[in-house]
Amino acid sequence: MIVVVGLNHETASVAVREALAFPKERLPEALARIRAEAGLDEAMILSTCNRVEVYGRAQEPVGPAVAAFLARFHDRPLEELQPHLYRLEGEEAVRHAFRVAASLDSMVLGEPQILGQVKEAYEAAEHAGSLGSVLNALRNRSVAAARRARTETSIGRNAVSVSHVAVELARKIWGELRDRSVLLVGAGKMSELAARQMVRDGARATVLGGRTFEKAEQLAAALGGRAAPFEALRAEMTQADIVISGTGAPGIVVRREDVEAAQAGRRHRPLFLIDIAVPRDIDAGAARVPGVFLYDLDDIKSVAEANLRERKKEASAAEAILEEEIREFVEWRRSLEVVPLLVELRQRADEIRRAEVEKVRRRLGPLNPEQEQALEAATSAIVNKLLHPPTVHLKEMASNGEHAEHVGLIRKLFGL
Amino acid sequence: MDSRVWLLVTLVFYAVGALHVLLHAVMRRRVLTTVSIASTLLGFACHTAALAQRWTEAGHFPAVGLRDGASFLAWVIVLVFLAVYVTTHVDASGLFAYPFSFALVFVANLTPASERTDPMLRSLYLPVHTLLAMFGYGALFVAFTMGVLYLFQEQELRSRAPRQFYYLIPSLERCDTIGGRSVIGGFGFLTLAIATGLLWNRSLHGRYWTGDPKEWAAVAAWLLYVTLVVARYRAGWGGRRAAWAAIVGFAVVVFTFAWATLVPGVTVAAR
């Protein structure tokens, strides 16, 4: 049976999550111990900033043992963890594993990092030798299902963080950002984050510096661009396609006249102004200059919210895809449960057949190869034909989950 | 099968495609789905069969009269839409191509076929001239579509509170580039269409220019597009202005074409 024990951003505060986090270098030790101490046949530990979860395969319910292990490993009283932990088994555990990988259980719905973290966690378990056939199958199916949900819905399509929205908006104007110029006014953290992504897409960066020119030079070097003095604002803006302003200045830094002057030299090319400073750097009147798109921090946040609403709308479509994949996985797992019985049944039948063939041989004396073959074929055919319907029906019952009470009956009937 | 049956089946497929496109655009912020693409391809296959069948029935290239003309134009628009989609992956032009080709096939289904059997219709100029003109209109239709999409997207971005179209329409740059290329392509086809039209005139009437209103309309449209191309690539008219120009240009073409075709007493090869 597959089990999941853990906590996430919904059940536990960041303090509790931190306390239970598994550092990468201690994972092999933790995986080895959890198998020994909590009675898991296979184990995987997923530890990110938003969740700490143990995935495992066990013969019997092991929830309390895993919880006790978590407390012991991190030196925490068990009572303190208990209220934050969820313990899932069987189909519920499978559903959880699929939803986590597909980012439907994430704090930021549809965020792309979780799938990578899940894959890493399985790899770490594989290296530690704690990954068996069941968890490995769970890995393959859940990762494939997550990819499917991502490509067939737009769950992860629209940006939901400030810097990503800024880049997304720039792409909505400019298409590809290759060879576009980005002008940074002021060397703030947020501007750097957005500019970095644009540079990664092939844009060129220029940083305008005021009194602290070294800071501008440092940032320019980090972005592989150049620095210029603040006085060159109009000239630089004429060259730029995207302007990100994020100074700590108390008043307006980029006036409407500056934007008009720059726009006059641009032959109707659009100009994208991003003002992420509070208080604002760019004169709000600049938005009325033809060809200018001006977004301040509130505008960007409202786009992010709209995008998140779109993702939530897509979530139900993604859930439907996952349900389909989960059902397939669960049915496949169940159908495996009757395999030992089928093998036994077949072995028993074959034993009887061989014994009977032997008896016949002894009575008839030596047979020629043709007769020998005919005897084999006839007896095998009887066994196969007799066992075919029960085999098919057992497999079918198993995938519907109805096999449990029949297994005992079949054992009794066939004397297994 | 009768070409009328084929055309009716085509209409059903296009209706499914158009409905799917519009519903998906509203509900899921997505234009194309497997269903809409499949119905387009099936519809297009039936449409091709309808045209082929009609060609044998009429005995001449099936682009004469309102029924055949509308049907043929719709066929070209679907083909051009598919070509644009395959090369650029921009599916938003489907927002126009689907309803428009559906409407044209709808009109074609309602109108009776032209029974003209003029010997001039057996001329090789009919298919050549008509195909060139139709592909010209198809390309200009794409330019028009891209112009409208550009303005919608610009409106969304300027509003700073993007809604519906923000998610559906590609970037301004992309609309502008595809629009510009379509204008060039459309202009090229239109030029060749006019040239073959003049040659056809000569073979029929012995002179290039007959003073037919349709000739004036064609030349007016051609001059308009010369201005457009020059403005875009010489004077650097991009973006918003180019978008408006493509829309106005297409409106003028449709208007003059309709006027020249529908006013009685016209014309060389009444399409």
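**Figure 1. Elements that cover helix H9 of chain A.** In this predicted model, the buried residues of H9(A) are covered by elements of chain A that include helix H8 (162–174), strand S5 (181–185), helix H10 (213–222), strand S8 (242–245) and strand S9 (271–275). The buried residues of H9(A) are A:Ser191, A:Glu192, A:Ala194, A:Ala195, A:Gln197 and A:Met198. An α-helix has 3.6 residues a turn, so residues three or four places apart point the same way. Helix H9 of chain A spans residues 189–200, twelve residues in number. From first C-alpha to last, H9(A) reaches 17 Å, close to the 16 Å expected at 1.5 Å a residue. After H9(A) comes A:Gly202, which has a positive phi, near 105 degrees.

**Figure 2. The six-stranded sheet of chain A.** Six strands of chain A form an open sheet in the order S7-S6-S5-S8-S9-S10, and their pairing is parallel. At the edges are strand S7 (226–229) and strand S10 (292–296) of chain A, each of which pairs on one side only. From one strand to the next, the twist averages 20 degrees. H9(A) packs on this sheet and touches S5, strand S6 (204–209), S8 and S9 of chain A. The direction of H9(A) makes about 155 degrees with that of S8(A). Between S5(A) and S8(A), which run parallel, there are four bridges. A:Val182 has A:Ile242 in S8(A) as its bridge partner.

**Figure 3. The largest nonpolar core.** This core has 108 residues. Those with the most contacts inside the core are A:Met198, A:Ile242, A:Ile244, A:Phe272, A:Ile274, A:Ile300 and B:Tyr225. Helix H5 (residues 125–159) of chain B supplies the largest share of the core, 16 residues. Apart from this core lies another, of 63 residues, among them A:Leu46, A:Ala67, A:Leu131 and A:Val330.

**Figure 4. The surroundings of B:Tyr225.** Which residues are in contact with B:Tyr225, leaving aside its neighbours within four places in sequence? They are B:Leu140, B:Val183, B:Phe187, B:Leu190, B:Ala246, B:Gly249, B:Phe250 and B:Val253.

**Figure 5. The four-stranded sheet of chain A.** Four strands of chain A make an open sheet with antiparallel pairing, in the order S2-S3-S1-S4. S2 and S4 of chain A are the edge strands, and each pairs on one side only. The twist from one strand to the next averages 15 degrees. Seven bridges connect S1(A) and S3(A), which run antiparallel. The bridge partner of A:Ile2 in S3(A) is A:Arg57. Helix H6 (residues 113–127) of chain A packs on the sheet and touches S2 and S3 of chain A. The direction of H6 makes about 145 degrees with that of S2(A).

Figure 6. Is strand S2 (residues 42–47) of chain A largely enclosed or largely open? Five of its six residues are buried, so S2(A) is largely enclosed by the rest of the structure. S2(A) and S3(A) run antiparallel and are joined by six bridges. A hairpin of three residues links the two strands. A:Ser47 stands opposite A:Val52 in S3(A).

**Figure 7. The setting of A:Glu53.** A:Glu53 is located in strand S3 of chain A. With a relative accessible area of 0%, under the 20% limit, A:Glu53 counts as buried. Its side chain makes a polar contact of 3.0 Å with the side chain of A:Arg51. Another polar contact, of 2.5 Å, joins the side chains of A:Glu53 and A:His96. Apart from its neighbours within four places in sequence, A:Glu53 is in contact with A:Val5, A:Gly6, A:Leu7, A:Met44, A:Ile45, A:Leu46, A:Tyr86, A:His96 and A:Val100.

**Figure 8. Helix H3 of chain A and what covers it.** Helix H3 of chain A comprises residues 63–73, and its buried residues are A:Gly63, A:Val66, A:Ala67, A:Phe69, A:Leu70, A:Ala71 and A:Phe73. The elements of chain A that cover them include strand S1 (2–8), helix H1 (14–20), helix H2 (27–38), strand S3 (51–57), helix H4 (78–81) and strand S4 (86–89). Just after H3(A), A:Asp75 has a positive phi of about 60 degrees.

**Figure 9. A:Lys313 and residues of chain B.** A:Lys313 lies in helix H13 (residues 297–337) of chain A. At 38% relative accessibility, A:Lys313 is partly exposed. Leaving aside its neighbours within four places in sequence, A:Lys313 is in contact with B:Met27 and B:Arg29.

Terms used
Residues numbered from 1 in each chain as written. Chains lettered and ligands numbered in written order. Predicted model: local features only at pLDDT ≥ 70, side-chain atom pairs only at ≥ 80, totals over all residues. Heavy atoms only, no water. Expected span 1.5 Å × (residues − 1). Buried < 20%, exposed > 50% of the residue type's maximum accessible area, 1.4 Å probe, protein only. Contact = heavy atoms within 4.5 Å. Core = buried A, V, L, I, M, F, W, Y, C linked by side-chain atoms within 4.5 Å. Pairing = 2+ DSSP bridges. Polar contact = N/O pair within 3.5 Å; in protein donor to acceptor, adjacent residues only side chain to side chain. Axes fitted to C-alpha atoms, helices over the stretch in contact; angles between N-to-C directions.
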